[in-house]
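User: I'd like to learn how to read the local features of a protein model. Could you walk me through a few of them?

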Amino acid sequence: MADPSKKYVCIHGHFYQPPRENAWLEIIEQQDSAAPFHDWNERINFECYAPNTAARLLDNEDAIVGIHSNYSRVSFNFGATLLSWLKEADPTTYQAILDSDKRSQQRFSGHGSALAQVYNHLIMPLANKRDKESQIIWGIRDFEFRFGRKPEGMWLAETAVDTETLDLLAHHGITYTILAPRQGKAVRKTGSKKWEQLPPDSIDPRRPYLYKLPSGKTINLFFYHGGIAQGVAFQGLLNDGLRFARAFDEVFTESEEPQLAHIATDGESYGHHHRHGEMALAACLRHFEESEDLVLTNYGQFLEWFPPTWEVKIHENSSWSCVHGVERWRSNCGCNTGGRPDWNQEWRAPLRKSLDWLRDTIIPVYERESEKHIVDPWAARNEYIELILDRSEENVQAFLEKHAKNYPVSTADRIQIMRLLEMQRFAMLMYTSCGWFFDEISGIETDQILQYAARVIHFSKQTAGLNLQQSFLDRLRKAPSNIHPHGAWSYEKHILPHQVNLVGMAMHYAASSLFEEYPEHLDIFNYRADSEVLHRLQAGMQKLNIGRTTVRSKTTFSEKHFSFAVLYLGQQNLIGNISINMDRSDFDQMTSRLSEAFHHSNLGEVIGLMQESFGPEKFTLAQLFQEEKRSFLKDITDQNLKGIEQAFREIYNENYQLMTSHQHSNIPVPAPFLSAVQYILNLDLLRFFEQPNASRQNLLQILGEFKKWNIPIENTPTLALKAGEYIYRELQRILKIGIPNSLPELKNLRRMIATVEESLPVSIDFWKSQNLFYSIHKNYHRLAPDQQDKEWGDQLNKLGTLLRFRMQQ
């Protein structure tokens, strides 16, 4: 219950990643810098988002005494684009986040801890009013779709704020947002006529404030404690959870007014920026919960209990990460990452001007073309989020029935409507804040938003016949680069050559059909390929596929029909041809001639017939998408590595006694022999952890060979992950077998973990196994005594000790 004499605490985490998806394929391509993970989203999820669903509570000797979800105890927001990725990439963590919000409602008097966020993290004061409104509507609807309730609060990207944005938030039912302390300009006690002007960063963060809006509405504002937030982000406060908690104690003073000590930081601080930061957070939250004087709360609950008694004015166009307001996203204000003091950011203004020109140019185009098909173009854009969240045919039809002037619409009109709406979607995505945040215009973050700009230009040509590319390039070239001739250099080199259209997708499908098991109907990223006919011929390593297929976009529903022939010559060599205007009779005739030539092993004639039928234009491996090239080359490399493995294994086995004789005679083993031994042993060690029911004896044998030949263990990051996955799978198997029949497996796993810990120079990641063990242990002790088994329980406790648990607790 509300008690003004108590001291209240709240921690907010802003969890967000910039979009990394290829703007045409809408998948994240592999990022080598994130190894051993596929990409940075996957890596940060492993280090931060997932661990915060099950954070460890440790004792003074770093043994685990409990596991709790941080999300259910803190205030948090997740970017909509990040949650969209997480739902597909790690549904367990995604669901745990949603469940944590439900638990927080039970904990905090019905107030969920999750906040919505403006949809794609654009800087709201720099957006036009229509974009502001769409960002809020999309952010709210995305939140409702995932969390199953209306949001009370909304996070503003970079806490960038102006009055118009706050008025729109209030108009759409948002009751509060969180700002930085320097964004408060003046305050007064409710009922007073005199405003107190505030020096920089001097607002009292311990109370909520009421902001009266020009529309007559109001919104509540919280200003977080800057000192503690800085300590979390930059001063090592997460090195000690108890020290973190005690920092909040220093905020409070003797006062009859309710006081709230609260902070807001990047959520990635808790595990990614600071290793094991989620454990420091968990320890801090435990301290709050065990305190007699402190009450852990969230913003919604605190507002219900203690409505604001002070009013506030804000600094217009201000933010938390630029001391100059919002200049970091439109000028060379001096704010940067600090990595290259010799660089400047003069490119920011021309970049924004280029995008503003593009946005403003397509607005009348969108209105003019949409009005031919849509009742209210801007209302349709605001509700387009419904299709982004669910592109099922049923939902598409419901959307068209509501917004199209003439329903049911023709195929051509449907495609036009979707292209126009996609043009608008990308016109907002191209303002994602990360494009300006860093130091150089040719960085990957700016390339990302320029991909979105390229999509806008593409759709403007498709829908209205505009040719905006050159005008956009001319403007972009005015942006200076620190390392390239001009700001358009990266756009011309990295973006324009890699644009994807239906022809490119057809090439991709043709190449994929050589290696897919069932290629007749294939989902390729956000496209679908359906074959009318597909002939697959093979002679040794050589393959020839001939087909007719339809490639269709899953977003705009545009489609094209193609005929193709693709010849695989072995290794990385393939040659393909595509036609969009070959009729069926010509195709059948070509197929007959190509098949005959291929069956007679006349590859020269096959290539000649392909050129005769399709013309000189062809595609090779170089024209495939980067992700497909990786997959293609990996498959070929894996095949070749089998031969290398066989050769090295023969060297190892056939020369084993000879190498042993060298050792016994104190004669160095020849380096080529040791190279083969090193390759085979490290390969065998990795594979050991991939097999089910692995024998500890086999592991000891492999480790013995490492010791015998004095061979270093390699690939330690990958090895640590594989060993952790093996332990988790074995624990799942024990759970499936049940009590007491899994006793032998339980003993074996305990011995295996002990061996791994003693013998491998890696730090095994036990996180998933610890979570599962925690659940098994709790459920075991909930059983009736006659359902338990003493020996099985003893072995479980011993396993828990190995997994770092303090079993006495």
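Analyst: Gladly! Keep in mind from the start that this is a predicted model. Let's begin with charges.

User: How many salt bridges does a search of the whole structure find?

Analyst: The general idea is simple: side chains of opposite charge can pair when their charged atoms come close. Here, the search of the whole structure finds 51 salt bridges.

User: Which side chain meets Arg107 in a salt bridge, and at what N to O distance?

Analyst: The partner is Glu289, with 2.9 Å from N to O. Arg107 belongs to helix H3 (residues 91-107) and Glu289 to helix H8 (residues 277-290), so this pair ties together parts that are 182 residues apart in sequence. As for cover, Arg107 is partly exposed with a relative accessible area of 37%, and Glu289 is partly exposed at 36%.

User: And what about Glu164 and Lys132: what is their N to O distance?

Analyst: Their side chains meet in a salt bridge at 2.7 Å, N to O. Glu164 sits in helix H5 (residues 163-171) and Lys132 in helix H4 (residues 129-147), so the pair ties together parts that are 32 residues apart in sequence.

User: Is Glu369, which meets Arg368 in a salt bridge, buried or partly exposed?

Analyst: Glu369 counts as buried, at 8% relative accessibility, because the cut-off for buried is under 20%. Arg368, on the other hand, counts as partly exposed at 42%. The N to O distance between these two side chains is 3.3 Å.

User: Which residues are linked in a network of salt bridges?

Analyst: Glu26, Arg391, Glu422 and Arg425 are linked in such a network.

User: Now for cysteines. How many disulfides does a search of the whole structure find?

Analyst: Zero disulfides turn up in the search of the whole structure. To read such a result, check the sulfur-to-sulfur distance against the cut-off, which is within 2.5 Å for a disulfide. For Cys335, the closest cysteine sulfur is in Cys333, 3.8 Å away, which is too far for a bond. For Cys284, the closest cysteine sulfur is in Cys10, at 11 Å, again too far for a bond. Both cysteines count as buried: Cys335 at 12% relative accessibility and Cys284 at 0%.

User: Next, the backbone. Where does a cis peptide bond join Ala35 to its partner, and what is omega there?

Analyst: The partner is Pro36, and omega is about 10° for this cis peptide bond. Pro36 is found in the loop between strand E1 (7-15) and helix H1 (40-49). Another cis peptide bond joins Ile739 and Pro740, with omega about -5°. You will find Pro740 in the loop between helix H26 (716-737) and helix H27 (743-759).

User: What about phi: what value does Phe557 have?

Analyst: Phe557 has a positive phi of about 70°, although Phe557 is not a glycine. Its place is the loop between strand E17 (542-553) and strand E18 (559-570), and at 9% relative accessibility Phe557 counts as buried. Asn666 also has a positive phi, near 55°, and is a residue other than glycine. Asn666 is found in the loop between helix H23 (656-664) and helix H24 (671-688). Asn666 is exposed, with a relative accessible area of 71%.

User: One last feature, a contact across the sequence. What separation do the C-alpha atoms of Phe706 and Leu681 have?

Analyst: These C-alpha atoms are separated by 7.0 Å, with the two residues 25 apart along the chain. Phe706 is placed in helix H25 (residues 696-709), and at 5% relative accessibility Phe706 counts as buried.

Note on methods. Residues are numbered from 1 along each chain as its sequence is written. This is a predicted model: local features need pLDDT of at least 70, side-chain atom pairs count only at pLDDT 80 or more; totals for chains, interfaces and linings use all residues. Side-chain values use heavy atoms; hydrogens and water are left out. A salt bridge is a side-chain nitrogen of Lys or Arg within 4 Å of a carboxyl oxygen of Asp or Glu. Helices (H or I, at least four residues) and strands (E, at least two) are DSSP runs, numbered from the N terminus. Buried means under 20% relative accessible area, exposed over 50%, partly exposed in between (1.4 Å probe, protein chains only).
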